[in-house]
Amino acid sequence: MNDLYVAIVNQLDNGIILLDEQLNIQLWNKWLIKYTGKSEEEVKGLPITTVVPRFDKKIYAYMFEKALLDKQKSFCSAAMHQYFVENKCAKMKPTRQNILIQHIQIEHTSHLMIELYDVSNHYKRIQNLNKYLKSSIDLSKNLEHFVYYDSLTNLPNRKFMLDRLERLIEEDKVFLLFFIDLNGFKAVNDQYGHLQGDLLLQMFAERCNQFSQKQEVWARLGGDEFVLLVEHMTTANEVEPYTEKVHELLREPFIIEEQQIVISASIGCARFPQDGATAKQLLNVADYQMYLQKAKR
């Protein structure tokens with residue numbers, strides 16, 4: 001075999017095994033010597049299945065035969081096998097190995113060449129990329145939640161509701177919008193403190209979520225102001241049942257630090273398209289109707 005060819009093969013940073021037609025080892029390059037601890041003198045002339053017992057399987061025998069007879073290349077991935085040649089050198093880390101099996105012609109004689117590629121760093125890069133992508137996705141979700149959800153109650157916030165309303169308006173979907181103001185909430189803050197007031201808002205939000213239907217979206221605009229969006233509801237006689245539902249949510253006292261706290265709500269309603277052409281117009285109408293209800297108390 002050409003000395004220049006052997007010199008080049010020995011400089012490669014991957015394993016090269018050359019077999020004759022009887023599958024006996026003819027070349028075992030320096031990468032393999034360093035990795036396995038076996039010299040070329042030890043393995044030369046021996047069957048590949050003796051030196052590398054992992055290849056003593058029908059699947060590899062079939063690949064070797066197809067390469068020699070039909071010149072068909074075969075590729076095996078580390079994703080399936082992890083390694084093909086076992087590491088016997090304590091100074092080198094175990095590798096994840098891809099292999100390529102192919103036919104080559106040297107001086108009119110057929111040989112089989114097995115190339116082993118260390119893809120450990122490749123897999124490490126994929127793992128790091130996956131971690132990075134996951135953290136990026138998690139960050140995106142957290143940012144989206146921060147932008148569109150109220151940090152105290154975990155309900156959708158004003159921005160979420162405005163975006164949802166504008167989308168429904170663009171799609172010309174009919175809906176009802178209820179503006180809800182909690183009566184007596186300021187007195188709770190004054191008497192029990194803001195921490196207890198915040199707890200009451202959280203408990204009210206939990207009730208809203210617990211009894212919500214598929215077509216309903218609750219949101220907190222700020223303070224003690226909430227809205228309820230009911231999609232696919234248009235007629236005036238559908239307003240009263242939803243108003244009653246909100247009152248029902250507040251009928252049961254809230255228990256905070258062994259104290260029973262009872263509050264009520266003033267509720268206004270706006271309908272699309274009758275009461276406005278934009279989200280802000282509809283919110284203003286519902287807010288005004290709520291104010292009229294509060295003034296009657």
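Glu216 is buried, because its relative accessible area is 7% (buried means under 20%, exposed over 50%, partly exposed in between, with a 1.4 Å probe and protein chains only). This is a predicted model, in which local features need pLDDT of at least 70 and side-chain atom pairs count only at pLDDT 80 or more, while totals for chains, interfaces and linings use all residues. Residues are numbered from 1 along each chain as its sequence is written, and side-chain values use heavy atoms, with hydrogens and water left out.

**The sheet that holds Glu216**

- Four strands make up an open, antiparallel sheet in the order β7-β8-β6-β11 (strands are DSSP runs of E with at least two residues, helices are runs of H or I with at least four, and both are numbered from the N terminus).
- At the edges lie β7 and β11 (264-272), each of which pairs on one side only (two strands pair if DSSP finds at least two bridges between them).
- On average, neighbouring strands of this sheet are turned by 20° against each other, direction ignored (axes are lines fitted to C-alpha atoms, for helices over the stretch in contact, and angles run from 0 to 180 degrees between N-to-C directions).
- Strands β7 and β8 run antiparallel and are joined by six bridges.
- The residue opposite Glu216 is Val230 in β8.

**Salt bridges**

- The whole structure contains ten salt bridges (a side-chain nitrogen of Lys or Arg within 4 Å of a carboxyl oxygen of Asp or Glu).
- One of them joins Asp150 to Arg220, with the closest N and O atoms 3.2 Å apart.
- This pair links distant parts of the chain, 70 residues apart: Asp150 is in the loop between α7 (120-148) and α8 (158-170), and Arg220 is in strand β7 (residues 216-222).
- Both Asp150 and Arg220 are buried.
- Glu231 and Arg164 also form a salt bridge, at 2.8 Å from N to O.
- Here too the partners come from distant parts of the chain, with Glu231 in strand β8 (residues 225-231) and Arg164 in helix α8, 67 residues apart.
- Glu231 counts as buried because its relative accessibility is 12%.
- Glu216 has a salt bridge of its own, to Lys245, at 2.8 Å from N to O.
- That pair connects strand β7, where Glu216 sits, with helix α11 (residues 239-251), where Lys245 sits, and the two residues are 29 residues apart.
- Glu244, Glu248 and Arg251 belong to one network of salt bridges.

**The five-stranded sheet**

- Another open sheet has five strands in the order β2-β1-β5-β4-β3, with antiparallel pairing.
- Its edge strands, β2 (25-28) and β3 (74-76), each pair on one side only.
- From one strand to the next, the twist averages 20°.
- Five bridges pair β1 (residues 15-19) with β5 (residues 109-118) in the antiparallel sense.
- Gly15 has Leu116 in β5 as its bridge partner.

**The largest pocket**

- The largest pocket has a volume of about 170 Å³ (on a 1 Å grid over the protein atoms alone, a pocket is an open set of points where a 1.4 Å probe fits, with protein on both sides within 12 Å along at least five of seven lines; points are joined across faces, edges and corners, and a volume is the space filled by probe spheres set on them).
- Its lining residues (those with an atom within 4 Å of a point) include Trp28, Thr36, Lys38, Arg54, Phe84 and Glu86.
- Seven nonpolar, one polar and four charged residues make up this lining (Ala, Val, Leu, Ile, Met, Phe, Trp, Tyr, Cys and Pro count as nonpolar, Asp, Glu, Lys and Arg as charged, and the others, Gly among them, as polar).
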